[in-house]
Amino acid sequence: MEPKGEGHFNLELENGMKNGCIDLAFERQPETLAIQEAVRVLLQGLGEDINREGIKKTPFRVAKALREGTRGYKLKVKDFVQSALFPEAGLDEGVGQAGGVGGLVVVRDLDHYSYCESCLLPFQVRCHIGYVPSGQRVLGLSKFSRVADVFAKRLQDPQRLADDICSALQHWVKPSGVAVVLQCSHIHFPSLDMNFLDSSHHGFVKLLVSSGSGAFEDESSDLWGEFLSLLKFKGINTHNLCRNGSVKEWCPSVKSSSKFSPSDSEMVSAVSSILRSLGEDLSRKELVGTPSRFLKWMMSFQNANLEMKLGGFGYGETDTKSKGEVKGRRLHSELNLPFWSMCEHHLLPFYGVVHIGYFCPDDGYTPIGESLVQSVVHFYGFKLQVQERMTRQIAETLSPLVGGDIIVVAEAGHSCMISRGIEKFGSSTATIAVMGRFSTDLSARSMFLDSIQKSS
Ligand SMILES: [Zn+2]
Ligand SMILES: [Zn+2]
């Protein structure tokens, strides 16, 4: 019997997405249309004008990403594995273990992403698979990633994902045993009253899970030890490994103590409709509450839900007049101010840090304090955004308070680039805005950029 959860290859959907070209059939499919309609409801609930240029096509982009990101339901492991089992003799019995018989094979660092079934946000998965071939046949190495993808491209939970990959390989390849270790990273939910300002956690909840079958069923066996040693070579710290079944909640939306009850029932049913359009069974117990948890995330980015108080700060008139006079002024930097934002093109998080530099009098007096700068950063972060615009808006807002000369650098990781498979994990985007003296004075600019480098 096939492991449960394997669907049928949907040619229509697959072909519709080939090479990034969307054919009309995909656009007109009722599931695609239903998701788009639901996303429009969500955008309106956020206070957005759905005809605004930047977000006009967002409903379609979200529908495409979600359907593509959950296409694993329609893929069959069998289709990838059966044509890729190769005969491999291995060593003669009694001589040793290798190749097609007895020797451990480990495939490491397979990057995937999946959707969290608790909150509908994507999470990153770095997958490591070990197996011991038997029957004098081996699986083509590229197929391990394919098989992982079949199960990652769904609404998932880390432990179930590890178990799914493990049992599918065991079933279709029939080796002596399979071991799977997943390093999963889930974005934190932003909360102004929590410790998310503490940049040490880098914005992620991390979890290491494992699953083993056959010869790997006993996790205290030498074989497991060998597998883990081969992961340690790659700098993977296996000390925090959660053994089978020992994982509880990991999604920050579930852990978060602050209760959120969405008042907008139209938005709740919009998210439910998205889940249904992805082929999910809403009565599945893991999905109870997913719509409201997703909304809890989303409502952090409601248009203008933060107040920015700028009155009473900044230079007086006499100071502004001295603009351009550089002598007696020093470069002041506010570095590594964290921010959270949501990409308005894909409704996915991007987050990182902002660095700000400006000139101020040499007398030790700074016209604006760190907390004011941070609140400006949050004000422009917590909304549907694009990074370039956010950087400019921060510069424009702070510039009059500091006499006109300002430089703003934003560094961010975009989950929309990673989850859509365009960028690798850990890639980041930097944007820069310069005003006043910084737009012409290269040495001032490089002085500031050097100070960022020194701080990190
Ligand atoms: Zn989650
Ligand atoms: Zn995006």
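Modeller: Helices (H or I, at least four residues) and strands (E, at least two) are DSSP runs here, numbered from the N terminus. By that rule, Ile 165 has its place in helix α7, residues 158-173.

Biologist: What sort of model is this, and how is it numbered?

Modeller: The model is predicted: local features need pLDDT of at least 70, side-chain atom pairs count only at pLDDT 80 or more, and totals for chains, interfaces and linings use all residues. Residues are numbered from 1 along each chain as its sequence is written, while chains are lettered from A and ligands numbered from 1 in the order in which they are written.

Biologist: How many helices and strands does the protein chain have?

Modeller: The protein chain has 16 helices and 12 strands.

Biologist: Why is Ile 165 called buried?

Modeller: A residue is buried if 20 or more other C-beta atoms lie within 10 Å of its own, exposed if 12 or fewer, and partly exposed in between; C-beta atoms are placed from the backbone. Ile 165 has 27 other C-beta atoms within 10 Å, so Ile 165 is buried.

Biologist: Which residues does Ile 165 contact, beyond its neighbours within four places in sequence?

Modeller: Two residues are in contact if their C-beta atoms, placed from the backbone, lie within 7 Å. With those neighbours left aside, Ile 165 is in contact with Val 147, Ala 148, Phe 151 and Val 180.

Biologist: Is Gln 44 buried, exposed or partly exposed, and what makes it so?

Modeller: Gln 44 lies in helix α3, residues 30-45. Its count is 15 C-beta neighbours inside 10 Å, so Gln 44 is partly exposed. Gln 44 and Met 267 are 223 residues apart in sequence, yet 9.1 Å apart in space, C-alpha to C-alpha.

Biologist: What share of the whole chain counts as buried?

Modeller: Of the 456 residues of the protein chain, 41% count as buried. Strand β3 (residues 122-132) is mostly covered, with 10 of its 11 residues buried.

Biologist: How do you know that β2 and β3 pair?

Modeller: Two strands pair if DSSP finds at least two bridges between them. Strand β2 (residues 105-116) and β3 have nine bridges, in the antiparallel sense. His 112 stands opposite Val 125 in β3. Their hairpin has five residues between the strands, and Leu 120 there takes a positive phi near 70°.

Biologist: What is the strand order in that sheet?

Modeller: The order is β5-β2-β3-β6-β7, an open sheet of five strands with mixed pairing. β5 (155-156) and β7 (204-214) each have a single partner strand, so they stand at the edges with one side left without a neighbour in the sheet. β3 and β6 pair antiparallel over nine bridges, with Ile 129 opposite Val 180 in β6. β6 (residues 177-187) and β7 also run antiparallel, joined by 11 bridges. Ser 185 has Lys 206 in β7 as its bridge partner.

Biologist: Why are α13 and α14 called oblique?

Modeller: Axes are lines fitted to C-alpha atoms, for helices over the stretch in contact, and angles run from 0 to 180 degrees between N-to-C directions. Angles under 35 degrees count as roughly parallel, over 145 as roughly antiparallel, 65 to 115 as roughly perpendicular and the rest as oblique. Helix α13 (residues 370-381) and helix α14 (residues 387-398) pack at about 140°, with axes 10 Å apart. The pair is therefore oblique.

Biologist: Which hand does their crossing have?

Modeller: A crossing is left-handed if the near helix is turned anticlockwise from the far one by less than a right angle, and right-handed if clockwise. The crossing of α13 and α14 is right-handed. Among the contact residues are Val 373 and Tyr 380 of α13 and Met 390 and Ile 394 of α14.

Biologist: How many residues of that contact are nonpolar, polar or charged?

Modeller: Ala, Val, Leu, Ile, Met, Phe, Trp, Tyr, Cys and Pro count as nonpolar, Asp, Glu, Lys and Arg as charged, and the others, Gly among them, as polar. The contact of α13 with α14 has seven nonpolar, three polar and no charged residues.
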